[in-house]
Amino acid sequence: MKPFESLTSPVLLLRENRIDTDIIYPARFLLIMQREGLGQYFCADRRVDPEGNAIANPIDEAKERGAGILIAGREFGCGSSREQAVWTIKDFGITCVIAESFGEIFQANCLRNGVLPIVFDPATVEELATLGKDGELSVDLVARTVTAGEKVIDFEISDNARERLLKGWDETGMIQSRWGAAISTFEDGQRAAQPWLYEPLAI
Amino acid sequence: MTTASAPRTLYRKLWDSHVIEVVPGAEGEGEESRAALIHVDRHLLHECSTHQSFEALRSNGRSVHRRETHLAVPDHAVSTALDRLSIAQDDGAAGAQVARLASNVAEFDIPYVPLGDARQGIVHVMGPELGFTLPGITLACGDSHTSTHGAFGALAFGIGASDCETVLATNAIVQSRAKTVKVELSGTLGDHVTSKDVALALIGRYGAGFATGCAVEFTGEAVRAMSMAARMTLCNMAIEAGARIGLVAPDETTIDYLRGRPLAPQGAMFEQAADYWRTLASDPGAEYDRTVSLDLDALAPQITWGTNPQDSAPVDGTVPGAPEDAEAARQHAKALAYMGIEAGMPVTDIAIDVVFIGSCTNGRIEDLRAAAAVAKGRKVAAGVRALVVPGSMAVRAQAEEEGLDTIFTEAGFDWRMAGCSMCVAMNEDRLAEGERSASTSNRNFEGRQGRGGRTHLMSPAMAAAAAVTGHIADVRMLEEIPA
């Protein structure tokens, strides 16, 4: 996974509450089995009408400006667990999402894909939306700050999430190398206490 | 600090028993770390969220850590047509996705229930049915409605495709310990009022984000009185309140349900397991981060009128007017415009084009019995297309043994094969632009059941009542059918 350290970029504003993963990546595209090139389907039903004609929308307009930061509302990415919702925004060019809150699985999926989710209170999100509307924002994960012109705002992120993004870990490989022995020890104990979980699966 | 003797919630007990190692790192000033590597005991897989997981295993040269902790089945994209096996090869992208699952599970030797197997069904219906879901375990699946399995007192949560790969390779995942919400349900449910109505009313009252990221435990005598199917509906809908986890403490209802299930422990080992399961309850005095309550005595059947599961209203009510908050009012207006309805109209004036009975929320035999009881002796209203999609082929077989299929088909319902169907609208079962459904599924999001489709969520009995009347109807008020 590509590490995330910092980013200076124009902003895509989607200041709505509950933009769910069905909006971000409509279910019918889940039949596509690649994970590359999905950016064209990002919020597809807001960009193309049922007849296939382009609809004027802030998303394509932001694409032209090269927006890499998305500012949303409350509960962004709620609903379905589809990781395509992160793959589509990343392929579209977004690597940082600022919101009042996130759907929890979407937020976890961001961390697996080098996308930084930042939570601020509603007033701060609104302030950043205003400041970033026509210019650029800078996000620094090392310093845990978002900068808009002269304004510097600290954000909170757990040490664990921050480290994962900064190092761009391959999570599975990291777990295997760091905790392989601990997993075996845990399973030995669980097998002794709950042997029924270690019976052959009669399928 | 939590000490060994401090009273613990059920969630905390389950969490503690699966921590492999606490991951250091402050989450907030002065707090102990909530992050830990936790063990994942069981993992369900379906065709739609795992192709990239297997691809990651392959490209990194990794193997599956313990094959017998996984179980795969196609459900999301499969056709529900009666002749689906003969059309499977021609089923375009959906067929290709199911074929990919089959080749992936063969390559990695994952236990698999294929299309055409008598056990095939929606992951969250089939897992419990087979006894793959057990109390006290952690269970993950690349699907947000994995919270369903919490009805057994399991820590069950949805994950993305990358995490599915990690679980396949390690049976472990880094997670942060969730905050806890206790839901106290008092009183008893009236006739034709179900746990679906409880879920919709709860989300309506406290908001769709009220439990975001939390573990929600449902408590109270009403929960004790619920069947496993009803508890699964309740925990299934916990994700619609934003929760990571829904939980019901296991009891004799749980244990009786599991006894004799093919993948549950057998004989003496079952009794040994059951003794452990009986210890899985929150201690008296255990502290939750938040407690909410709902009295069920006066609860009416609920429906949703908008595009958010919190947009619920009692069936004997009206479409609510605009809220005072400006932003909320804007969203209210947008939802009404999308849904093509007006504030103040009685919800029973809303005419329906399509009825969908099924899904991991309400596709179990108890749900079909409730719908059939309403459909019996009645006819689907003119102009209404009505589908019954059993949650699993076992549910379908049981329904046929009870003659429910005859009741449905004589009433004019379409009797289908098992799958996710019109809940996720990945196959041919979907709404056309502007069509309006009465649906027993879980999400009324814009476009969820098809682009431009309008979804009203409700219970199976209420959906059946909508089918036979052609509009949203109070199932309690239907005229008696002469015997």
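How many Å separate the centres of domain 1 of chain B and domain 2 of chain B? I began with that. I am working with a predicted model. Taken over C-alpha atoms, the two centres lie 24 Å apart.

**Entry: domains of chain B**

I looked up how chain B is divided. Domain 1 covers 39-174. Domain 2 covers 177-295. Domain 3 covers 302-477.

**Entry: domain 1 against domain 2**

Next I checked the contact between domain 1 and domain 2 of chain B. Domain 1 of chain B gives 20 residues to the contact, and domain 2 of chain B gives 25 residues. On the domain 1 side, I found that α5 (123-130) and β6 (155-158) of chain B each supply at least two residues. β6(B) has the largest share of that side, with four residues. I then sorted the domain 1 side by class. I noted 10 nonpolar residues, 10 polar residues and no charged residues.

**Entry: chain B against chain A**

I moved on to the contact between the chains. Chain B brings 66 residues to the contact and chain A brings 48 residues.

Note on methods: Residues are numbered from 1 along each chain as its sequence is written. Chains are lettered from A and ligands numbered from 1 in the order in which they are written. This is a predicted model: local features need pLDDT of at least 70, side-chain atom pairs count only at pLDDT 80 or more; totals for chains, interfaces and linings use all residues. Two residues are in contact if their C-beta atoms, placed from the backbone, lie within 7 Å. Domain bounds come from an automatic or database domain assignment. Ala, Val, Leu, Ile, Met, Phe, Trp, Tyr, Cys and Pro count as nonpolar, Asp, Glu, Lys and Arg as charged, and the others, Gly among them, as polar.
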